[in-house]
Amino acid sequence: MDRFPMHATAKYGYAQRFTMQHLGTDIMAPLGTPVVAVEPGIAWAAIDNKGGNVVYLDGESGVRYYYAHLASWTPLLVVTNDPKVKVNAGDELGYVGNTGNAATTETHLHFQQRRGSLVMDPFDDLMSVDPHRRGTRGSSVVPAAALLLALLLIATKGRLASGRT
């Protein structure tokens, strides 16, 4: 991650709250605040039930970023013949909102990162690139048994869950 997912001039705040039920960091910001690519890569817009209007960014580092609950996308992602667009760090991708399952909450960006099928707590990476260090350390609670099961399923390519050997 090369930069924070919002411009340095934006008004925002966030706290660490990474659990098995909430796999990401919510960055609270006013409706319409631009969100930007955190590193160069390939981005595309999508809609899903939980995240509403979302953007996926496959970063050059191999990390996939998920930007959720956007009010809308920038023209960069929707006015093109190719649904996947090459972006640079800092290119605007969309605007903070509360779509999807966040319709009754304050406007925010749900920010997630994953490497392969492993979802990673983005809090420390966000703090390292946040020019204002506005994050509040909280809890990153993933029970050990759940983590071990996830690693086992990855190692066996899901054969344990399906009963295949």
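Student: Leaving aside its neighbours within four places in sequence, which residues is His69 in contact with?

Tutor: This is a predicted model, in which local features need pLDDT of at least 70, side-chain atom pairs count only at pLDDT 80 or more, and totals for chains, interfaces and linings use all residues. Residues are numbered from 1 along each chain as its sequence is written, and side-chain values use heavy atoms, with hydrogens and water left out. His69 is found in strand β6, strands being DSSP runs of E of at least two residues, numbered from the N terminus. Contact means heavy atoms within 4.5 Å, and the partners of His69 are Lys50, Gly51, Asn53, Val96, Gly97, Asn98, Thr99, Asn101, Ala102, His108 and His110.

Student: Is His69 buried or exposed?

Tutor: Buried means under 20% relative accessible area, exposed over 50%, and partly exposed in between (1.4 Å probe, protein chains only). The relative accessible area of His69 is 5%, so this residue is buried.

Student: Which residue forms a salt bridge with Glu60?

Tutor: A salt bridge requires a side-chain nitrogen of Lys or Arg within 4 Å of a carboxyl oxygen of Asp or Glu. Glu60 lies in the loop between β5 and β6, and its partner is in strand β7, so the pair ties together parts that are 26 residues apart in sequence. The closest N and O atoms are 2.9 Å apart, and the partner is Lys86.

Student: Is Glu60 exposed or buried?

Tutor: The relative accessibility of Glu60 is 58%. Glu60 therefore counts as exposed.

How values were computed
Helix = DSSP H or I, 4+ residues; strand = E, 2+ residues; numbered from the N terminus.
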